[in-house]
Amino acid sequence: MRAPLIHPRAPGLVLAPKALSAADRAALLAWLAAAQPLWEQRYSTLRPPPPGQVQRPLLRPVIWLGNWQFACLGYYEPPRRVLDAAVEAEPFPPVLAKIAADAEARARRAFPAAEIPKAWRLNTCLVNLYGDRLDNGRWVDAARVGDHRDFEPGPVASLSLGDRALFQFVRRGQRGDEPPVRSMWLEDSMLQLFSGPVWKDALLHRVQRVEDKRGELLGPSVEGFRTRRVNLTFRYVPQEHIVPFRRLGAQAREDVRGYVTTLAARSEHWRRALEG
Ligand SMILES: O=C(O)CCC(=O)C(=O)O
């Protein structure tokens with residue numbers, strides 16, 4: 001039986017072009033230039049590659065604030081995975097706290113209160129760097145993300161910087177020849193908010209490609225990678241599910257100790273987490 005049709009203008013999706021002032025954009029880029037991303041591996045001892053798969057790096061370097069969801073521990077996915085998934089991370093710098101507060105206010109205006117959990121705050125930020133990676137002396141375009149959904153409860157806010165991205169909502173298990181439910185170009189300084197049973201829960205989303213037109217190199221320098229787009233998604237993880245590094249299960253702690261050691265080399269928060 002076919003799934004019911006979803007109207008491409010169903011409520012629950014808001015696009016705000018030019019949501020970032022020039023001053024906030026400059027402050028955000030300055031913070032980003034000095035931030036420390038990790039280029040994580042997908043699997044770990046705790047979560048080894050499934051049959052037929054091998055260990056591999058993610059397509060892109062990332063930074064998490066509020067809590068770090070290490071790919072190799074499995075991303076936060078209530079109710080199935082809430083333990084040992086969201087590791088207490090650095091707080092938002094002032095410019096991100098301001099952007100998150102603005103996004104929260106927009107979400108509360110745009111979406112029904114019933115879709116917003118009681119203690120909902122945008123307390124988590126995933127910064128994705130999109131661009132090209134150096135592969136055997138050749139630059140290879142790695143600027144895309146496959147179909148997935150964000151499991152954190154409540155609305156999600158997503159801010160784009162740099163070259164524009166072709167972003168699509170698709171049905172779960174959609175056939176290759178079926179058109180996406182909705183396609184849109186996410187432009188520099190655009191804020192996208194989505195919420196509720198259609199856009200957040202029923203549909204998956206993906207980034208099909210990122211243009212290469214602006215010639216603006218963004219973000220911190222990462223060996224073997226050049227960034228032409230940055231996306232920041234703000235999400236909510238209930239405080240009781242955010243675990244300090246020292247309280248992670250023993251194997252999970254060992255699996256991410258190397259990452260935390262790398263972060264600790266330049267971060268007071270992570271240095272204390274490691275020593276604690
Ligand atoms: O880059 C984007 O616009 C989307 C990022 C995304 O899907 C995610 O962080 O879950």
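Tutor: One definition comes ahead of the questions: two residues are in contact if their C-beta atoms, placed from the backbone, lie within 7 Å. Note also that this is a predicted model.

Student: What covers the buried residues of α2?
Tutor: The cover includes α1 (22–34), β2 (62–65), β5 (124–135), β8 (156–162), β11 (191–194) and β13 (225–235).

Student: Which residues of α2 are buried?
Tutor: They are Leu96, Ile99, Ala100, Ala103, Glu104 and Ala107. Down the axis of α2 these buried residues fall within an arc of 140 degrees, so they line one face of the helix. Pro94, Ala105, Arg108 and Arg109, on the other side of α2, are exposed.

Student: How do you know that the length of helix α2 agrees with its number of residues?
Tutor: Helix α2 has 17 residues, 94–110, and at 1.5 Å a residue it should span 24 Å. The C-alpha atoms at its ends are 24 Å apart, therefore the two agree.

Student: What does alanine 157 touch?
Tutor: Leaving out residues up to four places away in sequence, alanine 157 touches Ala103, Ala107, Leu122, Leu191, Leu193 and Phe234. In the largest nonpolar core, of 60 residues, Ala157 is one of those that touch the most other members, with Val87, Ala103, Cys125 and Phe234.

Student: Is lysine 18 buried or exposed?
Tutor: Lysine 18 has 12 other C-beta atoms within 10 Å, and is therefore exposed. This residue lies in the loop between β1 and α1.

Student: And why does aspartate 84 count as buried or exposed?
Tutor: The cut-off for buried is 20 or more. Aspartate 84 has 21 C-beta neighbours inside 10 Å, so it counts as buried. Aspartate 84 is in the loop between β3 and β4.

Student: What makes the backbone of lysine 18 worth a remark?
Tutor: Most residues other than glycine have a negative phi. Lysine 18 is not a glycine, yet its phi is positive, about 50 degrees. Aspartate 84 also has a positive phi, near 55 degrees.

Student: Which peptide bond is cis, from proline 78 to proline 79 or otherwise?
Tutor: The bond from proline 78 to proline 79 is cis, with omega near 0 degrees. Most peptide bonds are trans.

Methods
Residues numbered from 1 in each chain as written. Predicted model: local features only at pLDDT ≥ 70, side-chain atom pairs only at ≥ 80, totals over all residues. Helix = DSSP H or I, 4+ residues; strand = E, 2+ residues; numbered from the N terminus. Expected span 1.5 Å × (residues − 1). Arc of directions from axis to C-beta. Core = buried A, V, L, I, M, F, W, Y, C linked by C-beta atoms within 7 Å.
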